[in-house]
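Biologist: Could you put the model up on the screen and walk me through it?

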Amino acid sequence: MLNAFYDVMVSHGRWKLIPAGLGTTLLIAFCAILIGSVLGCIFALCKISERKTFRIIAETYTTIIRGIPMATQLMIFYFVVFSPLGVTNAVMVAILAFGINSGAYCTEIFRSGIQGVDRGQMEAGRSLGLSRAQTLKKIILPQAFKTMLPTYTSEFITLIKETSVASFIAVVDLQKTCDNIRNATYNAWIPLLSCAVIYLCLTVGLTKLFAFCEKRMSKSDRSK
């Protein structure tokens, strides 16, 4: 087994390709979650808006994006939307596609967090002379953030795993790198198991990191 691993991954320096692929995966995931968070905030506020037009727009966005598989969305963005415009940077397209997709899920996460705060908090803020926007900013959102943090971190971890389909548009991410090694060596199990182990380490490590951060925040709240 060790000899096979050495022949496939080490002897020709193929392991050096993996850090670059991993870097692309993390770049897509981090940029996408930032875009998704911004879109999520905007459309979550639209969903709870008093204006029906805003609610319809937000509902349409989340319904369409959440109802279409990520791989299909990715290829639509690349081959249908951006290629005719002359945009062929696959990494940029992947970031935008995953960001827009993540935004639909972040919308529901943020909306449920905001609406999960007791309605009396809004009434209390308004009775103190605060506007609706001020009440949201100073009273509702700080409370909502704590309740939606676990789900939000789960979305980020899920996003990292979903980026593996970026190889569908020839993005050389971690999955594509390991697949290239498989094609070059005619050995499937070592590159694919290596890929699986790296994804597992990423997700487990981030899960423990976020859990630690949540515990620290809980301790900080109790000490106040």
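What follows is a chat about the fold, the charged pairs, the surface and a few loop residues.

Modeller: Before we start, this is a predicted model, in which local features need pLDDT of at least 70 and side-chain atom pairs count only at pLDDT 80 or more, while totals for chains, interfaces and linings use all residues. Residues are numbered from 1 along each chain as its sequence is written, and side-chain values use heavy atoms, with hydrogens and water left out.

Biologist: Fine. How many helices and strands are there in the protein?

Modeller: The protein has 9 helices and 0 strands, where helices (H or I, at least four residues) and strands (E, at least two) are DSSP runs numbered from the N terminus. Along the principal axes, the C-alpha atoms fill a box of roughly 70 × 50 × 20 Å.

Biologist: And what share of the residues is buried?

Modeller: Of the 224 residues, 39% are buried, with buried meaning under 20% relative accessible area, exposed over 50%, and partly exposed in between (1.4 Å probe, protein chains only). As for contacts (heavy atoms within 4.5 Å), residues 24 or more positions apart account for 75% of those with a separation of 6 or more.

Biologist: How do the axes of H2 and H8 cross?

Modeller: The axes of helix H2 (residues 17-47) and H8 come within 7 Å and cross at roughly 150°; these axes are lines fitted to C-alpha atoms, for helices over the stretch in contact, and the angles run from 0 to 180 degrees between N-to-C directions. H2 is therefore roughly antiparallel to H8, since angles under 35 degrees count as roughly parallel, over 145 as roughly antiparallel, 65 to 115 as roughly perpendicular and the rest as oblique.

Biologist: Which residues make the contact?

Modeller: On the H2 side they are Leu-17, Ile-18, Gly-21, Leu-22 and Thr-25, and on the H8 side they are Leu-174, Thr-177 and Ile-181.

Biologist: Switching to charges, how many salt bridges does a search of the whole structure find?

Modeller: The search finds 4 salt bridges, each being a side-chain nitrogen of Lys or Arg within 4 Å of a carboxyl oxygen of Asp or Glu. Lys-47, Glu-59, Glu-108 and Arg-111 are linked in a network of such bridges.

Biologist: What does Lys-47 pair with there?

Modeller: Lys-47 forms a salt bridge with Glu-108, the closest N and O atoms being 2.3 Å apart, and that pair links distant parts of the chain, with Lys-47 in helix H2 and Glu-108 in helix H5, 61 residues apart. Lys-47 also forms a salt bridge with Glu-59, where the closest N and O atoms are 3.0 Å apart, and here the partner lies in helix H3 (residues 52-67), 12 residues from Lys-47.

Biologist: Are those side chains buried or exposed?

Modeller: Lys-47 is buried because its relative accessible area is 12%, and Glu-108 is buried as well, at 13%, whereas Glu-59 counts as partly exposed at 41%.

Biologist: Where does Arg-182 bridge to?

Modeller: Arg-182 forms a salt bridge with Asp-179, with the closest N and O atoms 2.5 Å apart. Both residues lie in helix H8, 3 residues apart, which is about one turn of the helix.

Biologist: New topic: what makes up the nonpolar surface patch?

Modeller: Met-75, Ile-76, Phe-79, Val-80, Val-81, Leu-85 and Phe-168 make a patch of about 650 Å², with accessible areas coming from the Shrake-Rupley method with a 1.4 Å probe and, for residues, only the protein chains shown counting as cover. Patches are made of residues with over 30% relative accessible area and no salt bridge, like charges being joined within 9 Å and nonpolar side chains (Val, Leu, Ile, Met, Phe, Trp, Tyr) within 5 Å. Phe-168 lies in the loop between helix H7 (132-162) and helix H8 (174-185) and is partly exposed, at 45% relative accessible area.

Biologist: Which residues other than glycine have a positive phi?

Modeller: Among them are Ala-170, with a phi of about 70°, and Tyr-186, with a phi near 60°. Most residues other than glycine have a negative phi. Ala-170 lies in the loop between H7 and H8 and counts as exposed at 55% relative accessibility, while Tyr-186 sits in the loop between H8 and helix H9 (189-223) and is exposed, with a relative accessible area of 78%.
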